Amino acid sequence: MCLCIIRDHAGGNEKMKEMVPGIKVYGGSLDNVKGCTDKVENGDKILLGANINILSLHTPCHTKGHISYYVTGKDGEDPAVFTGDTLFIAGCGKFFEGTAEQMYQSLCVTLGSLPKPTQVYCGHEYTVKNLQFALAVEPDNTKIQQKLSWAQQQRQTGLPTIPSTIEEEMETNPFIRVDLPELQKVVGLHDPIAALREIRRQKDNWRG
């Protein structure tokens, strides 16, 4: 069976439960996730079938209980992480229910410590706009230039830009690059959390 329920966040959960009686719906224990049947916390593990292991990672800021899911399979297969609205391709979520300190921990520590080949699946297709902003922050970053050109071609032909990888995000995402002196220099700050807060402020006011 193939289900296609396009809603933001968890808006399609109740409909999905109607269509698939008995289905389990996992969600963070701190958020009031619509239709949730099984609440998870940081470090909780879920086994899907014989070979798929899912690790729950608490990545708060956009919402206080935001959970990302780190998925591993058979030996030799690249892992994946489903990051919702915490980490976007070349961007991050707005600080709706959290702080720059929390987003730094979520992005740069929790997600940033995952293996570089990890495929990143985020909650929205914002890549072109995010890369345009990233290029405004770092106009001399050739990796951003190249990925923006590629992303524009993808979208023009109706193709997605997702997934990315943790390695690509380290090269092109200004929010996850705030530990780098060259990025801090661009925003005139010498602290990664302050730099992250400033870049988020600039993005919130950006009209590119």
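Tyrosine 126 is partly exposed, at 40% relative accessible area (buried is under 20%, exposed over 50%, partly exposed in between, with a 1.4 Å probe and protein chains only). Keep in mind that this is a predicted model, where local features need pLDDT of at least 70, side-chain atom pairs count only at pLDDT 80 or more, and totals for chains, interfaces and linings use all residues. Residues are numbered from 1 along each chain as its sequence is written, and side-chain values use heavy atoms, with hydrogens and water left out.

**Strand pairing**

- A word on terms: helices (H or I, at least four residues) and strands (E, at least two) are DSSP runs numbered from the N terminus, and two strands pair if DSSP finds at least two bridges between them.
- β3 (residues 45-48) runs antiparallel to β4 (residues 52-58), with four bridges, and leucine 48 sits opposite isoleucine 52 of β4.
- Three residues lie between the strands of that hairpin, where glycine 49 has a positive phi near 70°.
- β5 (residues 67-72) and β6 (residues 80-84) are also an antiparallel pair, with three bridges; here tyrosine 70 faces valine 81 in β6.
- β6 pairs with β9 (residues 119-122) too, this time in the parallel sense over four bridges, and glycine 84 has cysteine 122 in β9 as its bridge partner.

**Histidine 62**

- You'll find histidine 62 in the loop between β4 and β5, and it counts as buried because its relative accessibility is 7%.
- Its side chain makes a polar contact of 3.4 Å with that of aspartate 85 (N or O atoms within 3.5 Å; within protein, one able to donate a hydrogen and the other to accept it, and sequence neighbours counting only if both atoms are side-chain atoms).

**Aromatic rings**

- Rings of Phe, Tyr and Trp (its six-membered ring) pair if their centres lie within 6.5 Å, with planes under 30 degrees apart called stacked, over 60 edge-to-face and the rest tilted; that gives four aromatic pairs.
- Phenylalanine 82 and tyrosine 121 are stacked, 5.0 Å centre to centre with 15° between the planes, and they link β6 to β9 across 39 residues.
- Phenylalanine 82 is partly exposed at 39% relative accessibility, and tyrosine 121 is partly exposed at 27%.
- Phenylalanine 88 and tyrosine 126 go edge-to-face, at 5.1 Å and 70°; phenylalanine 88 is in β7 (residues 87-88), while tyrosine 126 is in the loop between β9 and α3 (127-137), 38 residues apart.
- Phenylalanine 88 is buried, at 5%.
- Phe133, Phe175 and Trp206 make up one aromatic cluster.
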